[in-house]
Number of protein chains: 2
Amino acid sequence: MSKYTAIAAITLDGKIAKSKNHMSDWTSPEDKVFMRGILDKSDVIIVGNNTYKTAVRPLSKRNCIVFSRSANQPVKKSANLTYCNPANINLRQLIKDKKYKTVAILGGAQTYAWCLENNLLDEIYLTIEPVVFGRGINLFENKKFLNKYFKLASVKKLNHKGSLLLNYKRV
Amino acid sequence: MSKYTAIAAITLDGKIAKSKNHMSDWTSPEDKVFMRGILDKSDVIIVGNNTYKTAVRPLSKRNCIVFSRSANQPVKKSANLTYCNPANINLRQLIKDKKYKTVAILGGAQTYAWCLENNLLDEIYLTIEPVVFGRGINLFENKKFLNKYFKLASVKKLNHKGSLLLNYKRV
């Protein structure tokens, strides 16, 4: 069985960004170090097209599945880069066929939401940065109301100001 | 100087409720115990009209300032209950005149947002319950984008499933 792990940094008020093109420049260096570490240990990364575009260079060397509504069929752009529309394929089977064991879900909000809703979210690493944006893009942007239960597995303070790394596992 | 402390329970994805009338029935018993304790120690509670309506009975014995857009002038409904529109008064002065030292801000989202934007939020007690709603009412519902910085002062695990009580202080 493959393990699906979402990795996200949020503000104290649950935002992953102010807007679509405002990505991870606001997160702490300690969170960036953690994120790189977990990506290094992942067999493949699932990422939405907008998020991918903001991080093409660091992601280009890794195995990536990029979610895109315009990909009617899975499109293999290079040896390690596949575009697909998850609504049109059996993603779990694709991951299994590739023998990917560890899957990192890198966002954004719609990608997290899709994985959550389709029970492809076994674990979450959530970094809470001690800042408030007041408004912005939420961690999940689901269409339906859900009740998805998790259990807190660990808590780690990453730095002096108190960026907090939480690990949740699905109940 | 009076101290303004927001108290809130949120889901893992930063929601305080699914909708306006869905209030705190989803939070853990341990968070409710904590909340009662801090309200007991507060001189006055600031609460929005919608939130107040969902908790009239437990709040009726406490000093309350209820935010309401329709209160053009502060209206004293009883010895311990005042309605006001914060846009039309000097709230800090009113609190000072009453000699209230500890002020608890109980929400909802617009009340938290108003206090945040007007620098009447010195401290936050945030309980993160390990559940995801996917969508709903955000902790803050500000109109403008903000960058309000806090520092994590303490972390406490409240129960086995991992409801987490975080204390943030304004930087």
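Reader: I'd like to learn to read strand pairing; how many bridges join β3(B) to β7(B)?

Author: Three bridges join these two strands, and they run parallel. Strands here are DSSP runs (E, at least two residues), as helices are (H or I, at least four), numbered from the N terminus, and two strands pair if DSSP finds at least two bridges between them. Within this pair, Val44(B) has Val103(B) of β7(B) as its bridge partner.

Reader: Before we go on, what kind of model is this?

Author: This is a predicted model, in which local features need pLDDT of at least 70 and side-chain atom pairs count only at pLDDT 80 or more, while totals for chains, interfaces and linings use all residues. Residues are numbered from 1 along each chain as its sequence is written, chains are lettered from A and ligands numbered from 1 in the order in which they are written, and side-chain values use heavy atoms, with hydrogens and water left out.

Reader: Thanks! In which sense do β1(B) and β7(B) pair?

Author: β1(B) and β7(B) pair in the parallel sense, over four bridges. Across from Thr5(B) you will find Ala104(B), in β7(B).

Reader: In what order do the strands of that open sheet come?

Author: Ten strands follow the order β9(A)-β11(B)-β12(B)-β8(B)-β1(B)-β7(B)-β3(B)-β4(B)-β6(B)-β5(B), and the pairing is mixed. At the edges stand β9 of chain A and β5 (75–78) of chain B, each with a single partner strand, so one side of each is left without a neighbour in the sheet. Helix α1 (residues 29–40) of chain B packs on this sheet, where it touches β1 (3–11), β3 (44–48), β7 (102–105), β8 (123–129) and β12 (164–170) of chain B. The direction of this helix makes about 170° with that of β1(B); axes are lines fitted to C-alpha atoms, for helices over the stretch in contact, and angles run from 0 to 180 degrees between N-to-C directions.

Reader: How does the strand from chain A join in, and in which sense does β9(A) pair with β11 of chain B?

Author: β9(A) and β11 (residues 148–157) of chain B pair in the antiparallel sense over two bridges. Val131(A) stands opposite Tyr149(B) there.

Reader: How should I read the interface, and what area is buried between chain A and chain B?

Author: Interface size is often given as the accessible area lost when the parts come together. Between chain A and chain B about 3300 Å² is buried, and carbon and sulfur atoms give 60% of this area (1.4 Å probe, summed over both parts). The contact (heavy atoms within 4.5 Å) takes 40 residues from chain A and 40 residues from chain B.

Key:
Buried area = accessible area lost by both parts, 1.4 Å probe.
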